[in-house]
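Hi,

Here is the structure I promised to pass on. Have a look at it first, and my notes follow below.

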Amino acid sequence: MAESSRWNKVTSRGALLLFYVVSSLAPLILSLSAASASAPLSSRYHAGKTRRLLQNYVCSSRRSIIIKTLNVQSRSRRLRCEAVVGACNGERPKCEEGRLVKAESPQGDKYEEVKESLSRLNLKTVCEEAQCPNIGECWNGGGDGISTATIMLLGDTCTRGCRFCAVKTSRTPPPPDPMEPLNTANAIVSWGVDYIVLTSVDRDDLPDGGSRHFALTVQALKTLKPDIMVECLTSDFRGDLTAVDTLLYSGLDVFAHNIETVKRLQRIVRDPRAGYEQSLSVLKHAKESKKGMITKTSIMLGLGESDDELKQAMADLRAIDVDILTLGQYLQPTPLHLTVKEYVAPEKFVFWKEYGESIGFRYVASGPLVRSSYRAGELFVKTMVRERVKVPTGIF
């Protein structure tokens, strides 16, 4: 009788422990199933990414569970929370999330109109793919009543796997749509905007990284509406400066490329094929290759950077004469992405704006919800472009 009682207690405890482990891992398994169904992680980069995502998830749950038998398109691996490095160490982010980061749910007639036109022309936007918190404001017209969206060229699937980004990834995405440049131009002209931001996924599978496709879109826009101002937020084209030139001489007005974070965190935050020095070289070349070109970049805050590291990054950008800087709060798009290390106070964003402009940036957009393609500085940039046009070229 006593042995039976002890056995019942052991089996009960075992059942409870099994239930706890299974319930703890259920969200992870469901998330991984959804991710693998939408985008096969087939390259060695994505296999590495998958392992890092698992590490991040275990850390974000703040448990010390050792996972012994998980298989996700890579070998079984033992993961321990304490072994994870960098931004995903399971610590609670500083500050309170809800008090700082708020955005209205996207809705309204103009929002639906933009959504319908994009769907009809089979166009993708970074607003949707990257889960931008400002989508409602921009698509509904913001303060000027003119709706706009940031078009994402070259499809909706990226060949890289940065740990902050929610865009789908694949080693072999579908080929670019040859009608996309014209469809994009037609959609943008129909919105009645006079300033537009074009961006794209990384396409390392294409010989030129997609620069010619990008350039054709700019040219189509300028043909249909010559006075429209076009900002291009580009990839690094693997450091191919010839590809950069293809886009620079397409007629664009602002060349933007994001360094994303400070130098120390590059390998933690970005895909291994990206890099701090490579990004700086692209921005430097854009400034030097075409006289008068306005250059722009963006940095996410809250990933574990120190004030001194951010100041150094800003100094490096000013050393290559970058004109515009945007600073925004990093927000974790899914449990599989990098955790937030700190929710930066609004007052700190004000400080960084003032500091940036004091060291020579012509404009700094800085705030929790500011994004690289955000229209916060649009009026200022328009003025910069117009001033550049007025400068004599010396050719008569």
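How many residues does helix α7 have, and how far does it reach from its first C-alpha to its last? Helix α7 covers residues 180-191, so to speak a run of 12 residues, and reaches 17 Å, close to the 16 Å expected at 1.5 Å a residue. Keep in mind while you browse that this is a predicted model.

A bit more on that helix. Glu180, Pro181, Asn183, Thr184, Ala185, Ala187, Ile188 and Trp191 are its buried residues. Just past the end of α7 comes glycine 192, with a positive phi of about 80 degrees. Is methionine 179 buried or partly exposed? Methionine 179 counts as partly exposed because its relative accessible area is 43%, and buried would need under 20%.

Which residues of α11 are buried? They are Tyr276, Ser279, Leu280, Val282, Leu283, His285, Ala286 and Lys287. The cover over these buried residues includes α9 (241-248), β7 (254-256), α10 (266-269), β8 (294-301) and α12.

Now the protein as a whole. It has 14 helices and 10 strands, and 51% of its 396 residues are buried. Of the contacts with a separation of 6 or more, 75% are between residues 24 or more positions apart. The accessible surface comes to about 19200 Å², with 55% of that belonging to carbon and sulfur atoms.

Finally, a word on confidence. The mean pLDDT is 74, and 59% of the residues reach 70 or more. Among the elements, helix α12 (residues 307-319) has the highest mean pLDDT, 98, while helix α2 (residues 44-60) has the lowest, 38. Over residues 27-90 the pLDDT is below 50, although this stretch has 101 contacts in the model beyond near neighbours in sequence. Residues 96-100 also stay under 50, and for them the model has 7 contacts beyond four places in sequence. Where pLDDT is low, the predicted coordinates should not be read in detail.

Cheers

Technical notes
Residues numbered from 1 in each chain as written. Predicted model: local features only at pLDDT ≥ 70, side-chain atom pairs only at ≥ 80, totals over all residues. Heavy atoms only, no water. Helix = DSSP H or I, 4+ residues; strand = E, 2+ residues; numbered from the N terminus. Expected span 1.5 Å × (residues − 1). Buried < 20%, exposed > 50% of the residue type's maximum accessible area, 1.4 Å probe, protein only. Contact = heavy atoms within 4.5 Å. Areas by Shrake-Rupley, 256 points an atom, 1.4 Å probe, with all protein chains shown as cover. pLDDT = per-residue confidence, 0-100.
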